[in-house]
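Please read the following report alongside the sequence and the 3D view.

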Amino acid sequence: ANEDARQLCIWNTTSRSNVEGGTTYSESFWQYIAAFNHECSMEAKDPSRRFGDRCSWRVIDMLGIDAAAVKGCLQRYRIPFL
């Protein structure tokens, strides 16, 4: 559940609308999804590379996503999102 909320907050803090087509897109979100799936394995021995909060925040930092904005979103919207 924490990862779901974190992903929703990454989307909400990084997505931008395309005025012409009316679509919303976030390159940072898709980069995070790909990197998290590659970097954060359920079977990893190293806690910084194991699925969970620690690995997620490491990937967010690695990609240069605004962690403070994501944390603020989580504080405000974690419960409503879930």
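## Disulfide links

The link of Cys40 and Cys55 is left-handed, with -85 degrees about the S-S bond. Cys40 lies in the loop between α2 (27-39) and α3 (53-63) while Cys55 belongs to helix α3, so the pair ties together parts that are 15 residues apart in sequence. The model is a predicted one, in which local features need pLDDT of at least 70 and side-chain atom pairs count only at pLDDT 80 or more, whereas totals for chains, interfaces and linings use all residues. Residues are numbered from 1 along each chain as its sequence is written, and side-chain values use heavy atoms, with hydrogens and water left out.

The sulfur atoms of Cys40 and Cys55 lie 1.9 Å apart, and a disulfide is defined here as a pair of cysteine sulfur atoms within 2.5 Å. By this rule the count comes to two disulfides. The other joins Cys9 to Cys73, with 2.2 Å between the sulfur atoms, and this link is left-handed too, at -75 degrees about the S-S bond. It connects distant parts of the chain, since Cys9 is in helix α1 (residues 2-14) and Cys73 in helix α4 (residues 67-81), 64 residues apart; helices (H or I, at least four residues) and strands (E, at least two) are DSSP runs numbered from the N terminus. Both Cys9 and Cys73 are buried, where buried means under 20% relative accessible area, exposed over 50% and partly exposed in between (1.4 Å probe, protein chains only).

## The buried side of helix α1

In α1, the residues Glu3, Ala5, Arg6, Cys9, Ile10 and Thr14 are buried. They cover an arc of only 160 degrees around the axis, which puts them on the same side of α1; the arc is that of the directions from the helix axis to the C-beta atoms. Among the elements that cover these buried residues are β1 (16-17), β2 (24-25) and α4.

## Aromatic rings

A search of the whole structure finds four aromatic pairs. The rings of Phe29 and Trp30 have their centres 4.9 Å apart and their planes at 80 degrees, so this pair is edge-to-face. Rings of Phe, Tyr and Trp (its six-membered ring) pair if their centres lie within 6.5 Å, and planes under 30 degrees apart count as stacked, over 60 as edge-to-face and the rest as tilted.

Phe29 counts as buried at 12% relative accessibility, whereas Trp30, at 45%, counts as partly exposed. Trp11, Phe29 and Trp30 form one aromatic cluster.

Methods. Contact = heavy atoms within 4.5 Å.
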